[in-house]
Number of protein chains: 2
Amino acid sequence: MARASKKSEIVEAAAYLFSTKGYHATTVRDIAERAGILSGSLYAHIDNKEALLREIVKQAANQFMSAVQPIVDSDRPIAAKLTDAVKAHVGVVTNSLAGARIYLDEEATFTNEGRQEFLALRRAYENLWARLIEQGVQQSVFWIEDPHLARLLVLSALNGIHRWYRTEGRLTPEVIASRYSSWLLRLLQPAMPN
Amino acid sequence: MARASKKSEIVEAAAYLFSTKGYHATTVRDIAERAGILSGSLYAHIDNKEALLREIVKQAANQFMSAVQPIVDSDRPIAAKLTDAVKAHVGVVTNSLAGARIYLDEEATFTNEGRQEFLALRRAYENLWARLIEQGVQQSVFWIEDPHLARLLVLSALNGIHRWYRTEGRLTPEVIASRYSSWLLRLLQPAMPN
DNA sequence: CCTACCGATCGGTAGG
DNA sequence: CCTACCGATCGGTAGG
């Protein structure tokens, strides 16, 4: 990352703290300290604490969307698309762990307008996965009753990864992605349809 | 539930608020208001705010453990055990939604000693599922490389349910449990082992 | 269970 | 980016 701008240092500090202690348990003084300044000086770079949260979520949403959307929109075989999409998702989680955790877990933090915007971002990403599964069903490659519930299971499985993933752990992103995708394919695409 | 004791009314109010807005965003005044008293009066019933959180988590942990443990320890066929365990888990989630959400999602809230106790409770429950899967592997009914990662996928899938479940929704606990368990069996127990 | 209140800390601002 | 500070609200207490 090298030495980025102060603004991005602040955003990174906030993302780390929000993802570790939660948004409300993190004070602007915590954030300032981690960025190496005093709390009053934060406001030369940001509007307020909540704007910081929104920026983090937007960045994370963007990374997930731009990683997975081209895969879903491509015309490769559906099984390859699922494999690649899982790999892309795991890649974003493991590369941007703090942001991903906030994007995927901090729903309760938002209220009112902020919540609507947040949910819209998440829904857009979830719709990507819904489309992927529907494509497989329409091509008769996937074979499941209730594709909607199946999508919830798939997304839940993926959205759990950031909770137990450790950078120093035995499980590399590649191993996680390859096993997960083969298992999910096994689930969606039974050996003998009908 | 009828008219329970004031203490349990307070616990229920807190569980609802913690699960909806998060622990730190909930004030003792919020809790008192929902329990129909003033904030100072809370402390005739509870030690402090954090003790309330711990009690909620302990109750939820207890419900999950006592629902699933007897199933894992029984000597029924492994596939039936998995089906029943999924049903039991979904039952607790849908019956005690607020407590389950806090138990399964509020990890970041805890610090220091409280966190250790919390993680121990969660680990005990996760170990139950690890045992169930290992039993299936040892009996050669389940057939997976990396049972540890498979357990993480299974638990992630289960632990996602409380996030999208709605009491008034189309998906009843029975439907969710039966589809989830058949899918997870399909994943763990491929049609043609080797 | 209420009244009355506390010290601490919070997010944020003014003026430089 | 700092110094100095603010009003508001927080969790919790004393005394009845």
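Predicted model: local features only at pLDDT ≥ 70, side-chain atom pairs only at ≥ 80, totals over all residues.
1. **Helix 6 of chain A.** Look next at helix 6 (residues 97-105) of chain A. Of its 9 residues, 7 are buried, so the helix is largely enclosed by the rest of the structure. The buried ones are A:Ala98, A:Gly99, A:Ala100, A:Arg101, A:Ile102, A:Tyr103 and A:Leu104. Their cover includes helix 1, helix 4 (49-73), helix 5 (78-95) and helix 8 of chain A.

2. **How the chains meet.** The contact between the chains draws 25 residues from chain A and 25 residues from chain B. On chain A, helix 1 (6-21), helix 8 (147-164) and helix 9 (173-188) each supply at least two residues of the touching side. Helix 8 of chain A gives the most, with 8 residues. By class, the side of chain A that touches chain B has 14 nonpolar, 7 polar and 4 charged residues.

3. **Symmetry.** Two copies of a chain are related by a rotation about an axis and a shift along it. The same surface serves both copies: 100% of the contact residues of chain A recur in chain B.

4. **One residue up close: B:Ala157.** Is B:Ala157 buried or exposed? B:Ala157 counts as buried, because it has 24 C-beta neighbours inside 10 Å and the cut-off for buried is 20 or more. B:Ala157 is found in helix 7 (residues 147-164) of chain B. Leaving aside neighbours within four places in sequence, B:Ala157 is in contact with A:Leu153, A:Ser156, A:Ala157, B:Tyr180 and B:Leu184. Take B:Tyr180 from that list. B:Ala157 and B:Tyr180 are 23 residues apart in sequence, and their C-alpha atoms are 8.6 Å apart in space.

5. **The nonpolar core.** In soluble globular proteins, nonpolar side chains tend to be buried together. The largest nonpolar core here has 113 residues. Those that touch the most other members are A:Ala14, A:Ile56, B:Ala14, B:Ile56, B:Val154 and B:Leu184. What does B:Ile56 touch, not counting residues up to four places away in sequence? B:Ile56 touches B:Val11, B:Ala14, B:Ala15, B:Phe18, B:Gly99 and B:Ile102.

6. **DNA strand C.** Around DNA strand C there are 14 residues, and A:Thr27, A:Gly40, A:Asn48, A:Lys49 and B:Gly40 come nearest. Helix 2 (28-35) and helix 3 of chain A are the elements that give two or more residues to this surface. The surface near DNA strand C divides into 5 nonpolar, 6 polar and 3 charged residues.

7. **DNA strand D.** DNA strand D is also surrounded by 14 residues; the closest are A:Gly40, A:Ser41, B:Thr27, B:Gly40 and B:Asn48. Which elements give two or more residues to the surface near DNA strand D? They are helix 3 (39-42) of chain A and helix 2 (28-35) of chain B. By class, the surface near DNA strand D has 5 nonpolar, 6 polar and 3 charged residues.

Technical notes
Residues numbered from 1 in each chain as written. Chains lettered and ligands numbered in written order. Near = placed C-beta within 6 Å. Helix = DSSP H or I, 4+ residues; strand = E, 2+ residues; numbered from the N terminus. Nonpolar A, V, L, I, M, F, W, Y, C, P; charged D, E, K, R; others polar. Buried ≥ 20, exposed ≤ 12 C-beta atoms within 10 Å, placed from the backbone. Contact = placed C-beta atoms within 7 Å. Core = buried A, V, L, I, M, F, W, Y, C linked by C-beta atoms within 7 Å.
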